[in-house]
Amino acid sequence: MRPSKSPLTHTSAQHRMAAPGSSTTKAKYLLKASYQVVVNNFHAVVAVAFAAAVLWAAQPLSLHDLAGRLRAVVRPVHVLTAAILTAALAKLRRMRRPRDVYLVEYGCFRPRPCFRAPFATCLEHVRLLPYLVQEEDISWGLRLLQRSGIGEETCVPYAYHYVPPDRSLEASRDEAELVVFSAVDEVFARTTVRPEEIDVVIVNCSIFTPTPVLADMVISRYELRHDVRSVNLSGMGCSAALISIGLAKNILQVAPPGTRVLIVSTEILSSQYYVGMDRSMLLPNCLFRMGAAAMILSNSGQGARFRLSRMVRTVAAARDASYRCVFQEEDDQGNTGIRLSKDLVATAGQTLKSNIVAFGPHVLPASEKLLVALSLLKRRLLHSGGRARLYRPDFRTAFEHFCIHAGGRGVIDEVQRGLGLSDDEVEASRMTLHRFGNTSSSSVLYELAYIEARGRMSKGDRVWMISFGAGFECNSVALECVRSPADADGPWADCIHRFPVQLPKSGETII
Ligand SMILES: CC(C)(COP(=O)(O)OP(=O)(O)OC[C@H]1O[C@@H](n2cnc3c(N)ncnc32)[C@H](O)[C@@H]1OP(=O)(O)O)[C@@H](O)C(=O)NCCC(=O)NCCSC(=O)CC(=O)O
């Protein structure tokens with residue numbers, strides 16, 4: 001059974017439809033709604049006006065006279081030619097259009113409670129480690145953890161529970177087998193697709209790239225066909241799930257009908273535990289948690305859950321500061337880790353801006369595009385340079401749901417501010433960060449699962465997935481729900497009744 005909508009939170013659609021209070025806001029609301037209806041249905045409005053004008057002009061004529069005049073002008077051969085031409089044009093258009101691509105189903109790894117890393121455990125664990133000796137650094141880490149948006153239920157791999165952490169290849173492989181196979185088992189359990197029906201496998205994992213690669217590990221475990229194609233993406237950070245989706249989409253648009261791609265998105269943490277003292281490199285120990293998601297994509301819509309529409313990638317690696325934002329390197333003592341720059345949040349904001357400049361025109365309705373164009377024109381005409389504010393398009397007119405990479409509280413704050421979203425609209429991201437932590441590339445799928453587990457996804461709803469990652473990249477994917485979920489199972493099954501939870505205000509510490 002799908003849980004009912006919380007009385008405290010409403011969906012973005014409900015939020016937008018809420019009746020405004022005062023008469024001025026009511027008038028503004030009506031004006032905006034009428035503007036949107038007219039501009040977004042411009043063709044229909046013109047057609048209706050034209051038909052009305054014709055009818056008005058033909059008013060003195062009787063129906064019989066009108067039919068007679070039409071017969072005199074339009075011959076059967078004209079009608080036949082027009083019908084053949086229309087059918088041929090429609091066929092040509094269909095042939096030239098790339099094939100539609102669908103997300104058939106997805107599944108996420110749900111960690112068992114034995115993997116939990118509550119704050120008290122982290123604190124005790126870190127005090128037992130031989131590396132972090134400064135009490136000052138320990139309290140800094142705890143403060144950061146408490147303010148990061150991460151909750152008490154997030155999970156780390158077995159390797160992190162050891163003192164000292166087990167950073168061996170074997171530990172990483174064990175973690176990979178656990179999270180990847182659980183996610184793939186889940187996606188197969190949720191569809192009628194069988195492993196032997198998979199034609200292409202794409203696995204993305206940034207840090208851990210064993211030989212043979214993780215894609216081969218999946219092929220071996222599920223005994224996929226000998227002619228299966230495989231791709232393994234590494235080093236592409238937290239935005240790699242959407243990169244994999246983009247790659248699958250490109251393949252499926254030219255592949256024979258019925259082709260299926262299995263995508264696995266994960267980050268394997270075991271070998272990555274940073275044991276030095278550099279704070280920028282300690283940050284990933286605080287933020288990253290275990291997770292994985294598997295997806296089946298196809299160019300056949302049979303049984304599919306979502307249709308993919310636009311995908312836009314923005315790669316800012318040409319700018320040195322962006323390139324070094326998420327950087328794997330050795331510290332002064334030779335300890336390897338990922339350095340997260342203090343500029344990351346600002347860089348994410350800038351890259352998002354470039355991304356929406358490219359993405360917006362494809363997804364926004366005409367009413368929003370017109371307002372952007374008018375504000376650009378105003379700036380030009382007034383020669384005001386940067387002084388006249390550009391209109392910020394309202395992406396809530398294009399999407400009902402937002403899945404923003406749960407990179408950290410700062411990242412979600414920045415996107416919420418940049419896009420002007422309400423707390424309800426970023427709820428899925430904040431709750432995912434709270435319950436599962438930063439699970440890297442798979443986080444957007446946990447967010448999609450949250451929206452579905454809350455019973456908010458309906459047929460026709462549009463979803464915007466936004467991810468950020470090393471490079472530095474900002475990627476966007478638009479999806480449209482073609483079938484709502486049969487159940488609310490998935491990674492949230494055992495805890496959704498407790499969500500949304502009240503989060504500490506930014507800057508507040510708990511202990
Ligand atoms: C970590 C935070 C929750 C902390 O927020 P706070 O509200 O506590 O305030 P704050 O920003 O002033 O930070 C608190 C303390 O941490 C320090 N601090 C913050 N960021 C730091 C960094 N990158 N390196 C070193 N120190 C850092 C500050 O100097 C300050 O220290 P002092 O207390 O001494 O003054 C937030 O800044 C945040 O969410 N940042 C973004 C996290 C991030 O980079 N996520 C992306 C992960 S990468 C990813 O997801 C993509 C990928 O891997 O590809």
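I looked up valine 73 first: it is exposed, with a relative accessible area of 62%. I use exposed for over 50%, buried for under 20% and partly exposed for in between, with a 1.4 Å probe and protein chains only. Before going on, I note that this is a predicted model, where local features need pLDDT of at least 70 and side-chain atom pairs count only at pLDDT 80 or more, while totals for chains, interfaces and linings use all residues. Residues are numbered from 1 along each chain as its sequence is written, and side-chain values use heavy atoms, with hydrogens and water left out.

Valine 73 sits in helix 4 (residues 63-73). Helices (H or I, at least four residues) and strands (E, at least two) are DSSP runs, numbered from the N terminus. Leu70, Val73, Val74 and Val79 make a nonpolar surface patch of about 370 Å². Patch members have over 30% relative accessible area and no salt bridge; like charges are joined within 9 Å, and nonpolar side chains (Val, Leu, Ile, Met, Phe, Trp, Tyr) within 5 Å. A salt bridge here is a side-chain nitrogen of Lys or Arg within 4 Å of a carboxyl oxygen of Asp or Glu. Areas come from the Shrake-Rupley method with a 1.4 Å probe, and for residues only the protein chains shown count as cover.

**The whole chain**

I counted 18 helices and 11 strands in the protein chain. Of its 511 residues, 47% count as buried. The C-alpha atoms fill a box of roughly 100 × 60 × 50 Å along the principal axes.

**Helix 18**

Is helix 18 buried or exposed? I found that 11 of the 11 residues of helix 18 (residues 443-453) are buried, so it is largely enclosed by the rest of the structure. Among them are Tyr446, Glu447 and Glu452. Glycine 455 follows helix 18, and its phi is positive, near 75°.

In the loop between helix 17 (427-436) and helix 18 I found serine 440. Serine 440 is not a glycine, yet its phi is positive, about 60°. Its relative accessible area is 1%, so serine 440 is buried.

Glutamate 223 also has a positive phi, near 45°, in a residue other than glycine. Glutamate 223 lies in the loop between helix 10 and strand 3 (229-233), and it is exposed at 67% relative accessible area.

**The ligand**

Which residues come nearest to the ligand? Of the 28 around it, they are Arg147, Cys238, Ser280, Leu340 and Gly410; a residue counts as near if one of its heavy atoms lies within 4 Å. I then checked polar contacts (pairs of N or O atoms within 3.5 Å; within protein, one must be able to donate a hydrogen and the other to accept it, and residues adjacent in sequence count only if both atoms are side-chain atoms). A side-chain N or O atom of arginine 147 is 2.6 Å from a ligand oxygen. For histidine 405 that distance is 2.8 Å, and a polar side-chain atom of asparagine 438 lies 3.0 Å from an oxygen of the ligand. Taken alone the ligand exposes 1,000 Å², and the protein buries 77% of that.

**Cysteines and cis bonds**

I found zero disulfides, meaning pairs of cysteine sulfur atoms within 2.5 Å. Cysteine 481 is in none, with the nearest cysteine sulfur, that of cysteine 403, 12 Å away.

The peptide bond from threonine 211 to proline 212 is cis, with omega near -5°. The one from glycine 471 to phenylalanine 472 is cis too, with omega near 5°.
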